[in-house]
Every structure is written in structure tokens, then in C-alpha cells.
Amino acid sequence: MPASDPSASIDQLIGDRLGRAIREARSERKLSMRALATSAEISQPFLSQIESGQTMPSLITLYRIATALGMSPSALLPADPDPEVVHVSRAADARWVPVSEAPDTAHTRVIHAGATSLQEYLVKPGERVGDWFESDGEVVHYVIEGSLALEIEGLGIWELSEGDAIAHPGALRNRWQSRGDGSARVALVYTAGT
């Protein structure tokens, strides 16, 4: 359900993004929450509330946290507190495009594109998906309908049916093909690498 007060949702979004940035910077530096809180001269429970987006730090506290992390406060702030945090993709508006230029190719549509992208593939009997794929980050294959065989180069082949999913690093070359006489619908989720 959408929030009734847009400014409250923007404030929450900024708090969530700031908290996530602090948590990620702390993790990258292999600091415990207690160590960062001590160095920033704040309590560990207060730091926990900031990292979870439950509370917004004052400017002085933000400077203390940034200094303890060895970075500038501006590096922790979200660049664009985009108020459009909800993105809806309607099936009726879908634009299906061929996977390749081959006449017997499957079709795909981008449902959401961003740090995490979601694509849906529709593979009719006799259609091909393509050759090997690889990407940064992580890939999740989810079979919505039908069945397919997913091959990860050098690791094996997995038979997946409706409702099955498989996740793996995108750097592992993979390819798949539909199985059986019916169509297959597959959702692929790509998360960007860091």
C-alpha cells in the first residue's frame, strides 16, 4: 500500500540509503558495529538504529561516523533521493523482443532494469534461447511455467521444472533450453556486481 505522506516516504528512503551506505562501508572495513560506535563516540544501539534506517543521525554524528570510517560525510549520503521508489510493470504493456536474429529464437521482455534487473523469457516449442551467457554479479533462473535444462559450463546440467529456481555467480558461463512439448516461461534476475 502506498504511503499517504510522500515526504515521509522520501525521508524513510534517505534514512534507509544512508543506513545501508554506513553498514556497507563498515563491512568493507571489517569493523564490528561496536568498534565503529566506539570510534564515532556514539552508542552501539544508536548506530544499529541508524544502519537499519530507523533513525536519522544529526550532522555532527554523521561527521563522526564518516571520520571513523575514514571517508567524507558526502560519500555516505544518497546522491538522489528519488521519490519514485515503486516501479510497476504491467503485463499488458509488455514489449517482447527476440533474443537473437535467428528465425527460431525465443523472446524476452525487461520487467525491471537497475542494480537488480528482472527479465522474462518465453520459449515456444522449437525456439532457441541462444548460446552461452555470462554477466557480473549473481543470476537467478526461476521457471514460471514448463521445464528447462540449465547447463553451467564445467559444473553440470540441472533439470528444472515449474517453480524451481537456481542461483549462481554470473561469471559462470551458462546456457539453457526448454524441455518437453510445451512453452517455457522463465524469469531471470541479474544483480549487479560490486
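The side chains of Arg173 and Glu153 meet in a salt bridge, at 2.8 Å from N to O. Here a salt bridge is a side-chain nitrogen of Lys or Arg within 4 Å of a carboxyl oxygen of Asp or Glu. The model is predicted: local features need pLDDT of at least 70, side-chain atom pairs count only at pLDDT 80 or more, and totals for chains, interfaces and linings use all residues. Residues are numbered from 1 along each chain as its sequence is written, and side-chain values use heavy atoms, with hydrogens and water left out.

## Exercise 1

Step 1. Strands (E, at least two residues) and helices (H or I, at least four) are DSSP runs, numbered from the N terminus.

Step 2. The classes are buried (under 20% relative accessible area), exposed (over 50%) and partly exposed in between, with a 1.4 Å probe and protein chains only.

## Exercise 2

Describe the salt bridge of Arg185 with Glu120.

Step 1. The closest N and O atoms of Arg185 and Glu120 are 2.7 Å apart.

Step 2. Arg185 belongs to strand β9 (residues 184-191) and Glu120 to strand β3 (residues 116-123), so the bridge ties together parts that are 65 residues apart in sequence.

Step 3. Arg185 is partly exposed at 26%, whereas Glu120 is buried at 3%.

## Exercise 3

Characterise the salt bridge of Glu28 with Arg29.

Step 1. The closest N and O atoms of this pair are 3.9 Å apart.

Step 2. Glu28 counts as exposed at 62% relative accessibility, while Arg29 is partly exposed at 34%.

Step 3. A search of the whole structure gives 9 salt bridges.

## Exercise 4

Which residues of helix α3 are buried, and how are they arranged?

Step 1. In α3 (residues 44-51), the buried residues are Leu47, Ile50 and Glu51.

Step 2. Seen down the axis of α3, these buried residues fall within an arc of 95 degrees, so they line one face of the helix. The arc is that of the directions from the helix axis to the C-beta atoms.

Step 3. After α3 comes Gly53, with a positive phi near 80 degrees.
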